[in-house]
Amino acid sequence: MLVYQPVLLAPLKTVTRANREIQKGNLDYRITEKGKSPEYEEVFTSFNAMAHDLKTTKFECYQKETEKQKLALRNLQLQIRPHFLLNIFNLIYTLAQRNQSAQIEDTILYLSNYFRYLFRGNSETEPIEKELDIIDGYLMVANFRYRNTIKTQIDVTDEVKRMCIPPLLLHNFVENTVKHGVRSGEELHILLKGRCENGLVTFLIADDGSGMDEQTLLRNRAIFSNDLDLENEKEHIGLYDTYRRLKSYFGEQASIEVESKQNQGTSFTVCFPYITRRNR
Amino acid sequence: MNLLIVNDEVLTADTMKDAISWKIYGIDQVFVSYDAQSARRYMDAGDVDLMLCDIEMPGESGLALLKWAKENHAEVECVFLTCHASFDYAHEAIKLGCRDYILLPAKYEDIAAAVKKSLIRSVSVDRSSSCASAANWLFRK
């Protein structure tokens, strides 16, 4: 027994001690002493390799978790959108100043519908028909704000209306169109057209408003071809998020194209595969 | 003293013009512009002492407009309005020399009082106090 003590039992103790350190959470612990036999040397080396892998895996796990939380937070911000909400509050305040209570009622009803739509429970998507309803409300409110200068034509087939999409996808485009299209003292005409052909849905959002200059147009195109990382930017972030959501939900087949001429207007063409809730 | 209200939100601009009794606050005439281009025309005509300007406008922003105003009509003072409390905006606004910075929605009495205060200050020429009020806003956050 005394003969075995240094060659067998002592190295075993070393391994046990190392195991306890790892269990305590000290993932940096490594066996530094040399094995007294080739067999134990191998045990020590593989123990160290295992401890190393454990640490890397744990780190990667943590990183993935952080990414997930960031994305969830981003989605939440995307949905509640303080900018949007504060603008509506300002509108309600302004209407109150003017004693226009009927318009205040309508604005609050729209806001209620909007939030009910957002906090709809667990479903990831909603029928386009519902989204069009919310868009209708938005355009009514925009007409309070811009004093009835926005004329909209919505032309979407019943087949397309039945399809489900992640909420606010189209709403964001309409908002963008109103915000950037309105020219003082002039009417803004918006066309929202939705068709389905060969399993592909195409939405056209076109206006005859102020349009984009060359630089803005190129920038928009870069966003929609994935050439820009706008992670830390404030401008264009709405469209960038819309693009990312479209891609992450519909995959490769989804696309956004943009055409624009200054003082003539802008059009967005949004394409994605026709899918129903069941066959997704 | 003449005031120019600059805001792309037509209803907000019109209401601020109509619902505030500007005369009480020492304002003789109130003009309204819905974009920077028309605002520049009013300033070029030499009719404007102070502008009450929204920061977030499509095309040319309120910040760009004040920069232009300081280069071309240094005597025009500015009070900014915005719905969004952004540090970057406030910082830029101070650098450009705006008199005050108000978060919307705000009580119309408060907006009018800020306009009056800015005019009094612009007469007594005390530049440091405008920075103080903007700095106040920044650090209150």
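**View 1. The neighbours of B:Asp8.** B:Asp8 touches A:Tyr146, B:Tyr34, B:Asp54, B:Glu56, B:Met57 and B:Pro58, leaving aside residues up to four places away in sequence; touching, or contact, means heavy atoms within 4.5 Å. Everything shown here is a predicted model, in which local features need pLDDT of at least 70, side-chain atom pairs count only at pLDDT 80 or more, and totals for chains, interfaces and linings use all residues. Residues are numbered from 1 along each chain as its sequence is written, chains are lettered from A in the order in which they are written, and side-chain values use heavy atoms, without hydrogens and water.

**View 2. B:Asp8 and its charge.** Look for B:Asp8 in the loop between strand S1 (2–6) and helix H1 (10–19) of chain B. Helices (H or I, at least four residues) and strands (E, at least two) are DSSP runs, numbered from the N terminus. Is B:Asp8 buried or exposed? B:Asp8 is buried, that is, under 20% relative accessible area with a 1.4 Å probe, protein chains only. B:Asp8 has no salt bridge, and the nearest side chain of opposite charge, A:Arg145, is 7.6 Å away. Here Lys and Arg count as positive and Asp and Glu as negative, while His and the chain ends are not counted. A salt bridge needs a side-chain nitrogen of Lys or Arg within 4 Å of a carboxyl oxygen of Asp or Glu. The side chain of B:Asp8 does make a polar contact with that of A:Tyr146 (3.4 Å). A polar contact is a pair of N or O atoms within 3.5 Å; within protein, one must be able to donate a hydrogen and the other to accept it, and residues adjacent in sequence count only if both atoms are side-chain atoms.

**View 3. Where chain A meets chain B.** B:Glu9 forms a salt bridge with A:Arg145, with the closest N and O atoms 3.4 Å apart. Helix H3 (82–97), H5 and helix H7 (169–181) of chain A each supply at least two residues of the side that touches chain B. H3(A) gives the largest share of that side, 10 residues. The contact takes 20 residues from chain A and 20 residues from chain B.

**View 4. Helix H5 of chain A.** Why is H5(A) described as largely enclosed by the rest of the structure? Because 13 of its 18 residues are buried. Just after H5(A), A:Arg147 takes a positive phi of about 50 degrees.

Key:
Buried < 20%, exposed > 50% of the residue type's maximum accessible area, 1.4 Å probe, protein only.
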